[in-house]
Amino acid sequence: MGKRLSWTALVGLASGSGLWVMTAHAAPPPPLPADRLDWQPWGEQAPADALCRGRYVMPEYRIEAAPNPEQARSESDDASYGEDGETILGGEVVLRRGESQLESPRVRVNAERDRAFASGPVTLRDQGLLLRGDAAELSLVDDQAEVDTAHYVLHDQRLRGGAQRLERLDDGRYRMTEASFTTCDPGDNLWQLVGNDVVLDQESGFGTARHARLEVADVPVFYWPWVRFPIDDRRQSGFLWPTLGISSNSLDYAQPYYFNLAPNYDATLTPRWITDRGLLLGGEFRYLFDSDEGQIEGAYLADDQGGSARDPDNPSRRFEGEDRWYIDYQHQGRFSPQLRYQLRYGGASDGRYFEDYGGDFGEQETENMPRLAQLDYRGSLWRLEARAQGFQKLEDPLRDRDKPFYRLPSLTANATWRQDNGLYQQWRSNATYFWRDVDETRVPLRESATGGRVHLSPAFGWRGEPSWGFLEPRVEMLHTAYEVDYGDRQTDRDTSLTRTVPVTSVDAGLIFERELDVRGNGYRQTLEPRLNYAYVPARDQSDFPDFDTNERAFSWNQLWSPHRFSGADRVGDLNRLSYGVSTRFLADDSGRERFSLGVGQATYFDDRTIDMNGDPDTLPPERSFERRYNAVRDRSPVVTRLDWQVTDRWSAGYELLYDEQRRLTERNSVDLRYRDPRGHVLNLGYRWELEGFDPSLDEEDRLDYNREEYDVSGAYRISPRVDVIGRFTYDHTNSRALEQLAGVQWNDCCYGLQLVWREWVDDNDTARIDDDFTDRGIFLRFVFKGLGGVGRDADSYFEEAIPGYRPTQF
């Protein structure tokens, strides 16, 4: 039997955008079984990456909606009128108004037609929302409603919960008594948020609750006497999850508070109490505009208490009684698509700030604080750049000679012209003023210079590139002029310096191809011999300063480059012929490179007299054997490089630099990599490097031993929910483990967990091993999906430590 009634209150009660907040806080009634919550287990149809054991599926509406959305359509087994004029629908009653539907065995509408009473069990539905209760009372003239013993599900958000009593007030707010909220699968209450006297304001987008608590496995673990929380995607001001650290001697507690100031900017204030140091106040401010964005963060602690170390000479107590702070400001934007700019300023009170107060996972060190103001223009021909740049080096103590140079300013103009006949011209230019804050009398004379440098490097060349090879002769003119100042130092060194050096090179190669069949697989194999001649005459640079230059370590790429130094302060002399041959195997169907092998060497026709000292008449002393040998040897090491994509999952790399005259390996590396689409990763590595091989390292970073290391790392995805990870790095030369790491990551439907043990060697910012020390820690991160997480995020470190591994995002 069907009846038609006018119904106005149902939509207000079952609004999906407002009801998700009902999940926020409760001491709930017992949960309903899964089959009453629109839950469907996956069974054999589970997706390969499914974290949840099923899904919420809303069934079809039982009756069609009325053409007029303000009208309600009903079906019931029977209908009658009471003695007082009320209408009583009985049996299996279904009412639908728009997207809302009510199901109940009995519905009574009073004689005034302003209230309806549904007795249970009651089921209310809206698009993506299920609400069940024992009984409901609805207003037919406004949106007021009351539901007893309510259970709810938001299908798309995977949220469910319950409340002993739910009220919708006439102003549109919801009030709940004893309510709950969780994202766990039905039957799994690993965690839930529960509370009393919950008020939810849909218009403003936030709710409040008194006596709220977080329960994990039905055990209360956190309590709020009063809490304000968001109820939709709009950002809301309020407390974020705290961070807690405990050691044998101190407690470290940080409680961030978030300020939602405007749609395009916000702030976070984080008081942090460290029992053995004091109160550290940190903060962050972020903003976003149409063409600009940026953020500023920092922290301040007045009167450092010095930590818990008993030894007064311990480095951690070095700044006891002093104010500690850091600041980091970043901004970038654009004036037009071609014209962009960047601003950055970072600073810390001292070089130990991040060592004492922590940084990334495992106390990874922050080495410097950048400072930059840059304007960058990229046109179709010219690229122009103006910048002022520097950084604070975070070392303690920091010697004057280790302080970095500032560029105040640096102006660059570059352009390239190409003609259809293969000719090209390049213009490279830079003008920079170098300055640093040092006592000139406390650094070597050469390093005490500051001043301006203009560097011009126009080039002219031609490149012919037929299908069977290439030929490229090139001439580049490097002209550099200095005006330097040695401050109060007495010196007869020239302060106005110029240097002009031509750099001539010819690069040529052939490409031979053939079709090849290997075990039924078609390949295109290439054979590519290559010759490169470079000539750079020696120029006296012994009076020249060193602002930004390093000598490059020898490599495959250096075989074909005429530049022995980075930067512009040194131009290395060179009279060299490089020769090599490489072969590649390309898959016919895709062109993908499956295998490449290259072997090359260089013959020197003259000694290389220019080193960092710049003197063309003096070779390195004989006591510096490796430096002298590299300057006078007539042949470079033989360089062998191999890359092999063994299968779609296995790949290998190999590099060998071998001196056949001394029958000595100068550098050797082997890598074997495994990548499984399911997430499994394995990396096996071996490294050998001769002492003094890399001349670009600073003096304190140069090893005084031959480096031989083994590195094993991997990750195994047991299931979409569980990863295990590990890494072991071993210094064979000194018979010690450099790093050991083992961890597990659980990623379930409603929670995520990272548990990691790590032990590593801290080199104390030097290459010596006598001042190294071992550090270790256990790190835990727990994420309640839908609420947030507790603990330090280690994902970025895992990706760096275990190449190829991508942690499942919580």
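P409 lies in strand β27, where a strand (E, at least two residues) or a helix (H or I, at least four residues) is a DSSP run, numbered from the N terminus. This is a predicted model, in which local features need pLDDT of at least 70 and side-chain atom pairs count only at pLDDT 80 or more, while totals for chains, interfaces and linings use all residues. Residues are numbered from 1 along each chain as its sequence is written, and side-chain values use heavy atoms, with hydrogens and water left out.

**Backbone features**

- The peptide bond that leads from L408 to P409 is cis, and its omega is near -5°.
- Another cis peptide bond joins D396 and P397, with omega at about 0°, and P397 is found in the loop between β26 (382-393) and β27 (406-418).
- H211, which is a residue other than glycine, has a positive phi near 55°, and its place is in strand β14 (residues 206-216).

**Disulfides**

- In general, a disulfide is a covalent bond between the sulfur atoms of two cysteines.
- The structure holds 2 disulfides, each counted as a pair of cysteine sulfur atoms within 2.5 Å.
- One of them joins C52 to C749, with an S to S distance of 1.9 Å, and this link is right-handed, with 75° about the S-S bond.
- The two cysteines belong to distant parts of the chain, 697 residues apart, since C52 sits in the loop between β2 (39-41) and β3 (54-56), and C749 in the loop between β45 (736-747) and β46 (751-762).

**Salt bridges in the whole structure**

- Side chains of opposite charge can pair when their charged atoms come close.
- A search of the whole structure finds 66 salt bridges, a salt bridge being a side-chain nitrogen of Lys or Arg within 4 Å of a carboxyl oxygen of Asp or Glu.
- Among them is the pair of R277 and D356, whose closest N and O atoms are 3.8 Å apart.
- This pair also links distant parts of the chain, 79 residues apart, with R277 in the loop between β20 (265-274) and β21 (278-288) and D356 in helix α3 (residues 353-357).

- The domain assignment of the protein chain gives domain 1 (407-636) and domain 2 (649-809), with bounds that come from an automatic or database domain assignment.
- The centres of domain 1 and domain 2, taken over C-alpha atoms, are separated by 32 Å.
- In domain 1, 13 residues are in contact with 12 residues of domain 2, where contact means heavy atoms within 4.5 Å.
- About 1,100 Å² is buried between domain 1 and domain 2, and carbon and sulfur atoms give 40% of this area; buried area is the accessible area (1.4 Å probe) that two parts lose on being put together, summed over both.
- Between domain 1 and domain 2 the count is 4 salt bridges, and the side chains of E626 and R662 meet in a salt bridge at 3.1 Å, N to O.
- The elements that give two or more residues to the side of domain 1 that touches domain 2 are β35 (550-551) and α5 (625-632), and α5 gives the most, with 3 residues.
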